[in-house]
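Here is a short briefing on one model. Please read it with the structure open beside the text.

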Amino acid sequence: MTLPCSITPRPPDTARVTGPYLQTLLDTALERGVTLAELACAAGLAADALSPLPDTLSTTRYIALLDAGARLANDPFFGLHVGENVRPATYSAYGLMLLASSSFGHALALAQRYESLAHDLGRSRLAIEGPHALHEWISRYPDATRHLAESVYAGIRVFGSWMAGRALTPQAMHFRHADPGHGYDEYQRVLGVAPTFDAPC
């Protein structure tokens with residue numbers, strides 16, 4: 001089953017992530033010994049910009065923080081590890097809606113409708129065909145490093161498994177970005193599957 005690739009809309013100048021969504025990235029950096037001041041400065045922010053936690057942050061600054069975190073922590077899978085740290089609070093108000101979902105399919109449908117409450121980084125699209133479901137995340141930043149898309153899908157898998165009470169294993173996962181050439185065990189551990197890279201969607 002395939003969906004035609006979607007056109008990526010130009011992100012608005014007001015595109016933001018919420019503080020709770022940002023918190024997961026900050027926690028991941030702190031776990032790896034990177035201070036908030038170091039992280040902020042490396043992303044072109046004032047040293048005190050991340051403490052206290054801002055209510056919102058521009059999406060472009062968030063992406064810069066992802067890249068800075070990977071660099072400072074010397075972690076080539078920083079995006080995976082950010083997604084691995086998601087919690088119900090990560091998704092702000094709609095995280096509570098997800099907790100009330102009657103099924104994983106219902107949760108993904110809610111995500112399509114409400115994920116903008118947490119971030120403006122991209123949008124989800126879900127297609128159901130018989131027993132199969134295809135989830136596509138359409139990034140508003142297709143030129144961002146792989147850490148962005150990998151953080152999103154790691155978050156979906158980790159949070160979905162937590163909601164289901166068991167590990168959810170996708171049949172397949174495809175990324176548009178290039179094959180990193182290493183770390184397949186880490187993809188398998190976090191995502192439950194070794195992805196295909198250089199995919200059209």
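In which helix is the place of W162? W162 sits in helix α7. This is a predicted model, where local features need pLDDT of at least 70, side-chain atom pairs count only at pLDDT 80 or more, and totals for chains, interfaces and linings use all residues. Residues are numbered from 1 along each chain as its sequence is written, and side-chain values use heavy atoms, with hydrogens and water left out. Helices (H or I, at least four residues) and strands (E, at least two) are DSSP runs, numbered from the N terminus.

**Surface around W162**

- W162 is exposed, at a relative accessible area of 52%. The classes are buried (under 20% relative accessible area), exposed (over 50%) and partly exposed in between, with a 1.4 Å probe and protein chains only.
- Together, L96, L99 and W162 make a nonpolar surface patch of about 350 Å².
- Patch members have over 30% relative accessible area and no salt bridge; like charges are joined within 9 Å, nonpolar side chains (Val, Leu, Ile, Met, Phe, Trp, Tyr) within 5 Å.
- A salt bridge here is a side-chain nitrogen of Lys or Arg within 4 Å of a carboxyl oxygen of Asp or Glu.
- Accessible areas come from the Shrake-Rupley method with a 1.4 Å probe; for residues, only the protein chains shown count as cover.

**Helix α5 and its partners**

- Helix α5 spans residues 92-99, and its buried residues are S92, Y94, G95 and L98.
- Down the axis of α5, these buried residues fall within an arc of 115°, so they line one face of the helix. The arc is that of the directions from the helix axis to the C-beta atoms.
- An α-helix has 3.6 residues a turn, so residues three or four places apart point the same way.
- The buried residues of α5 pack against β1 (16-18), α1 (19-31), α6 (104-114) and α7 (146-164). Contact means heavy atoms within 4.5 Å.

- A107 belongs to helix α6. A107 is buried, with 5% relative accessible area.
- Leaving out residues up to four places away in sequence, A107 touches L98, S101 and M163.
- A107 and G160 lie 53 residues apart in sequence, yet 8.4 Å apart in space, C-alpha to C-alpha.
- L110 also has its place in helix α6. Its relative accessibility is 14%, so L110 counts as buried.
- With residues up to four places away in sequence not counted, L110 touches M97, L98, S101 and E115.
- From L110 to S124 the separation is 14 residues in sequence and 9.8 Å in space, C-alpha to C-alpha.

- Strands β3 (residues 122-129) and β4 (residues 132-139) run antiparallel and are joined by eight bridges. Two strands pair if DSSP finds at least two bridges between them.
- A127 faces L134 of β4 from the opposite position.
- Two residues separate the strands of this hairpin, and G130 takes a positive phi near 60°.

**Backbone exceptions**

- Most residues other than glycine have a negative phi, and most peptide bonds are trans.
- The S51 to P52 peptide bond is cis, with omega near 5°. P52 lies in the loop between α2 (36-42) and β2 (56-58).
- N74, which is not a glycine, has a positive phi near 55°. N74 lies in the loop between α3 (59-73) and α4 (78-84) and is exposed at 68% relative accessibility.
- D198, also not a glycine, has a positive phi of about 55°. D198 lies in the segment after α8 (184-191) and counts as exposed at 54% relative accessibility.
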